[in-house]
Amino acid sequence: MVKTFLTLFLAFQMMLIAEVRVTSSIENPNLGENQPIKGMISITHDASEKVDVQSIKLGNTPLKTQFQQDTRISPASNLIVSFYSFYLPGQPKGLYALPEVSVKVGNQTYKSFATTYEVGETAKEPPSPQGPSYNSPSLNNATLKLEGSYEGPSPAYPGQLIRLYYRYIFNADIELTVEKLPLLDAPGFRKVGSREVKDSQEGDTSIRVISQTVEANKAGTFEFPAGHIEGYAYYTNDAGVRQYKKPILQADSTPVAIVVSPFPANGRPASFNGAIGPFSSFSVALNSPSKVIKGDKLQLGVDITGTGNVRTVPLPDLCCQPGFSGMFKQGDLPPIEKVTDHTKHFDVELRPLFEGIKEIPSIEFSYFDPATKNYGVLRSSPIPITVQDSLVPQGQPPEKKEADQTWQQQPQQPTPIEVRGPMDVKPGELSTPWWDSWWIFLIIPLGLLVLALQRYRKKTQVPQQGPKPKTSEDILAEANAAGVGSPLFYQLLNKAFMMRLKEKGLIESTNIPLEKLPQEGKPGQVRDLLQRIEEQRYTGRAIDATLLKEAGVLFKGI
Amino acid sequence: MQSLLLFILAFQFFNSDPPQDLLQKAQSAYRQGEQAQNIAARKEAFNNALSAYLELEKENGSGRLFYNIGNTYFQLGEYPLAIYYYYRAEQLLPRVEDVKDNLQIAKAKLSLPPDKSQEVWKEIVTLHPWLSLPERFLLFALFFALLIVLLSLYIWKPLPLWTFLAVIIGCVVLYLGSGLFYTRYIEPVQGVLIKAAPLFRDAGEQYARVIEKPLPAGLKVEVLDQRENGTWLKILDPQAEIGFLPHSYIRLLEN
């Protein structure tokens, strides 16, 4: 039984301690013949454990990798995913195995699973930065340049689109080994769409432009370090094998700084909520019946048209518009948005809260025009509606509620506290002891060790103990078994009494001669009894039954 | 003299208790917020409480701390984040009614539907409605220790009673261990949307939407996979729709 539990818990423990996960893959599923193969390694590990980059091996071969980025799984988690890229040389068409990748994290080595990848016919689109092919062995004049910049307003305002790009300029086939393009990662900006790559030719020079469109999120100055690329020029010989030219070509771009200005405070309309103009028209239409019962849904269609950033323009905040607060409730779900050419359309749900409301008031939409650096304001027309209370009997005019005709001010008195109060937190709670974490499973090997030690101790102890020593009861039983008449009976009876006295602590050794026993107390009674038995035995008569009975009583009485 | 000065400095260094100070600061700021007489004062106090609580969260979390952070976000009108922290508090304090009540109030603020109840077998395996993960660790450790004691007795004195008890306790340990294994390796990670998020058919904004309406903020979803270096997540919403959304829209509820 113990063995079964040992096996089960060992297996269970093995499954639980696996913390680090390593995966490897080839990035491009459409690999072309003889083109460098880019792969990616992802290592999920605890942030406190360091990945030993030097230890990364592909099969048994050390692998040169380049760190890409660390991604934390969540702000509260200690787990991060580290990404490393690597390159393999180009290969002819066929199916290949990507051996397992091993890496040392902390003090342990972890492995990914081996996978396969397929190299097909030459890909239609060559890998960067190859534009047109240069099948010439004269590579002495091979050059590589990198330019990094951006297109868009300067300074930009939050919500405006900016195109960030790098331009590769080269005049030979180049196999890149390092590409660091920080501008395209664009931290602090929101990416719009994916990267674009365009190739062109100017005389003997090829140009590749890699660009990324982003949207400015917040005001500030965003500085990007210089980009860096390096690679080897090469030509493909008649046998189809690439011949590389040394030394390695390197190119750096200049650092780029993008300034995003905050919206000016002067003249900012109360309804402004971040729309970047200019916009030419703003209209609101009622797309549902105009006669409703209070609480029923009104469907509004809001259209904003202009040459500004239509895609990101937000719906005006209806909650605070004059005439809306307290009179209408907007749907809880965000409005449905649709962008067509230069117009953005919103479908908005609105519910009148009181009977007697006569119209959907004019809605104000304001925007900022970066060209003129001024704000513009557009207003929709009021829409007449009829709101009835179904419970009001016919003929009684409903009480009319007057809507606020000014911008809604925040109420000065705070609302009552709705949730239950805070709990007392003690500093001790803020540190997680090991027994409240997965470390508790260390108890399993510890427990198994304890069991194993006990088993070992028991096995080694048993032979040393030898046979169990006989008690006085055992000896007396042997005497009875020998029979009253036999000489062994007297010998064993004598021994049983002496043993009894020793067991009870009345004498120190069983080897004391009978005549040396004390004359008082139980030893004295034993001495007297045994002497009488001896005397009777040597008279040649059979032992008196009463004497035997007395011996039994005395034995039990000691 | 110099060594005395060093000793005093060292004593003061080790004796200072930043978490205690921060806790007092946070809790007094929260009380000030509750008692504030105008909105500006209330906002300021709750913001002070929030920054102190979030500073404490960097050290480590506890159910009560998460609950208090949830409350503070609630008072500041950030209901999706309040919901997120209430869920985290609920993971660690599954039997505390205050957490459940405040979570329901916050969800009602966003008109969110009640959570679907978990399948019974999952509840039985994970014991989520009754025990937090640390409590399950402790229970597992206690029963395992008891099992070791019984097996030790069996080794020294193989009585049928020890065998019988060890089998029963062993079954309990296996049950608790299996639940923990499920939680660690099989149970899907859940997350809470902290803002309304469009659901795309693939990892990128250029793809079509799975549903026209965005998923509401505060919604709890299951995270199935990650794409694009973790910047996009594949999720399953309560209506059984599967799609992709950017990681920045979601906060994960990890065990």
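Modeller: Helices (H or I, at least four residues) and strands (E, at least two) are DSSP runs, numbered from the N terminus. Also, this is a predicted model, where local features need pLDDT of at least 70 and side-chain atom pairs count only at pLDDT 80 or more, while totals for chains, interfaces and linings use all residues. Residues are numbered from 1 along each chain as its sequence is written, and chains are lettered from A and ligands numbered from 1 in the order in which they are written.

Colleague: OK, in what order do the strands of the open sheet in chain B sit?
Modeller: The order is β4-β3-β2-β1-β5, 5 strands with antiparallel pairing. β4 (242-246) and β5 of chain B are the edge strands, each pairing on one side only.

Colleague: And how many bridges join β1 and β2 of chain B?
Modeller: 4 bridges, linking β1 (residues 189-193) and β2 (residues 220-227) in the antiparallel sense. B:Val192, for instance, has B:Lys220 in β2(B) as its bridge partner.

Colleague: Switching topic: how many residues does each chain give to the contact?
Modeller: Chain B gives 57 residues and chain A gives 46; residues are in contact if their C-beta atoms, placed from the backbone, lie within 7 Å.

Colleague: Which element gives the largest share of chain B's side?
Modeller: α8(B), with 11 residues.

Notes
Two residues are in contact if their C-beta atoms, placed from the backbone, lie within 7 Å. Two strands pair if DSSP finds at least two bridges between them.
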